[in-house]
Amino acid sequence: MMTKATDEESMDSSLDEETIGSTETTFGMFSLINLAIFPFYQTIYRAFQWKIDCLFISDTENSIFDKAQVPQNYLLRSYMVWRWSALICFLPLSITDTIIGIIDFIEYANELKSWSSSLDDYYDAYVTSLGWVCIVSQGLLPQIIQLLGATISLFTARKHILFSLKVFRYTVALSILMYVWPTFVKGDHYFTLEADLPDENAKTFFHYIRSVLAMSNSFIWMPLILALPNGAILGGTTVMGLLSDLSIPGLLVVFFAPFSVLILLGISALVVQLYGNYCIAIGITFLVLGKLRYFYFAKLFLMGRTEEILKKRIMPLGLVCYYIGLVFITFWLYETKIDNQTIFQILNISGWTVTRFVLDFYNTLLLYRLFFADVVLFVTLACEENSKVKELKGCLAACF
């Protein structure tokens, strides 16, 4: 790790030495235990921290930074270490998501073939080439693109930060594009009718197809819609934990918090009316309560008062509400029965699809957190002016 003298020169009193010292001591006590029991504990701990201005940086990592000629600025190196750790955690999620996506896609393709062939007596319908392209684009390509982009970004994160940032930015944009463009293809182009049918029968068939595709697209989009505001909030808090007492990161948090609440309430309004009971209502209530902390403490976030946020334990409070809400929602999913059928049986959703939905959400959440953290950091450096920001801006310019 860097010496205290180096820290003082690079930070100019912008970082509290007692905080760094306590971090070094803590990791020094448990370093042998971490290596023996769980080698990746430190990486996971760093990846899911929001207060990243005092992260532990090992001697090995510092030597890598020195060889790559990264300036000895603790804030810059802390951000690069956090980003590298987050990408390491993202990679296994992405690999698992891709594998399950392939399994789910094969299962869905087989169902689609059997479903279309079962209509032969009446409709004689077949999936078109464009239909298969759209299905592959939404069902497989985003996960593969994210996996490849994250892998490239990871292996360049500590030596070529500019290239790593660009790759990740294009990865996010391209994966979203793979989700978006098939939604503009009408159901008429997914299937073809080989037999000449009366107009009324053809209209009935394609109307049904459009309804099925609309439901399918909404299910595919759900993890992205849920993860977008939450990823933006996490990205904002990450930069706020790097550069305290600045308004721009907190502004992003307070701006996206209402969207997160509205999405939760919109989904709950639909689900409660269809399959609701007290469990889903309590679960959604706890999730919303967890988001309301951004409104109640909006002043602290807007002013970037990270130390006060830590003292009031605002972040752990939100996590407690989040996990309690998840417990109630999970209980509702598996225990609620209508006509002796679970929610999954009613909606005809397989276990692979549910697993993929959960993985998609957390995968996308981490993806958006990284993306928004990069964006907010550069916007903050461009708009804010103080000694910390100027020094970090100069160090980043030296890297590029």
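This is a predicted model: local features need pLDDT of at least 70, side-chain atom pairs count only at pLDDT 80 or more; totals for chains, interfaces and linings use all residues.
Trainee: Let's start with the overall picture. How many helices and strands does the protein have?
Mentor: Happy to begin there. Buried residues account for 48% of the 400 residues in the protein. Among contacts between residues at least 6 apart in sequence, 78% join residues at least 24 apart. As for the elements themselves, the protein has 17 helices and four strands.

Trainee: Are H7 and H8 roughly parallel or antiparallel to each other?
Mentor: Take the axes of H7 (residues 141-155) and H8 (residues 161-180), which come within 9 Å. These axes cross at roughly 180°, and angles over 145 degrees count as roughly antiparallel. H7 and H8 are therefore roughly antiparallel.

Trainee: Nice. In the contact of H7 with H8, how many residues are nonpolar, polar and charged?
Mentor: On the H7 side, the residues include Leu141, Pro142, Ile145 and Ile152. They meet H8 residues, among them Phe163, Val167, Phe168 and Met178. The contact of H7 with H8 divides into 10 nonpolar, seven polar and no charged.

Trainee: How far apart are the C-alpha atoms of proline 142 and methionine 178?
Mentor: Along the chain, these two are 36 residues apart. The C-alpha atoms of proline 142 and methionine 178 are separated by 6.0 Å.

Trainee: Phenylalanine 168 is on the H8 side of that contact. Which residue has its charged end over the ring of phenylalanine 168?
Mentor: Phenylalanine 168 is one of the H8 residues that meet H7. A charged end sits over this ring, 5.6 Å from its centre. That charged end belongs to arginine 83.

Trainee: On to aromatic pairs. What kind of pair do phenylalanine 361 and tyrosine 362 form?
Mentor: A pair of aromatic rings is described by the distance of the centres and the angle of the planes. The count comes to 13 aromatic pairs. For phenylalanine 361 and tyrosine 362, the centres are 5.0 Å apart and the planes 75° apart. Planes over 60 degrees apart count as edge-to-face, so this pair is edge-to-face.

Trainee: What is the relative accessibility of arginine 356?
Mentor: Arginine 356 has its place in helix H16 (residues 351-383). Not counting residues up to four places away in sequence, arginine 356 touches Asp97, Ile100, Gly101, Asp104, Gln138, Gly139, Leu140 and Gln143. Arginine 356 counts as buried, with a relative accessibility of 9%.

Trainee: Last one: where does arginine 313 lie?
Mentor: Arginine 313 is a residue other than glycine with a positive phi, near 55°. At 55% relative accessibility, arginine 313 counts as exposed. Arginine 313 lies in the loop between helix H13 (306-311) and helix H14 (314-335).

Definitions and conventions
Residues are numbered from 1 along each chain as its sequence is written. Side-chain values use heavy atoms; hydrogens and water are left out. Axes are lines fitted to C-alpha atoms, for helices over the stretch in contact, and angles run from 0 to 180 degrees between N-to-C directions. Helices (H or I, at least four residues) and strands (E, at least two) are DSSP runs, numbered from the N terminus. Angles under 35 degrees count as roughly parallel, over 145 as roughly antiparallel, 65 to 115 as roughly perpendicular and the rest as oblique. Contact means heavy atoms within 4.5 Å. Ala, Val, Leu, Ile, Met, Phe, Trp, Tyr, Cys and Pro count as nonpolar, Asp, Glu, Lys and Arg as charged, and the others, Gly among them, as polar. Rings of Phe, Tyr and Trp (its six-membered ring) pair if their centres lie within 6.5 Å; planes under 30 degrees apart count as stacked, over 60 as edge-to-face and the rest as tilted. A charge sits over a ring if NZ of Lys or CZ of Arg is within 6 Å of the ring centre and within 35 degrees of the ring normal. Buried means under 20% relative accessible area, exposed over 50%, partly exposed in between (1.4 Å probe, protein chains only).
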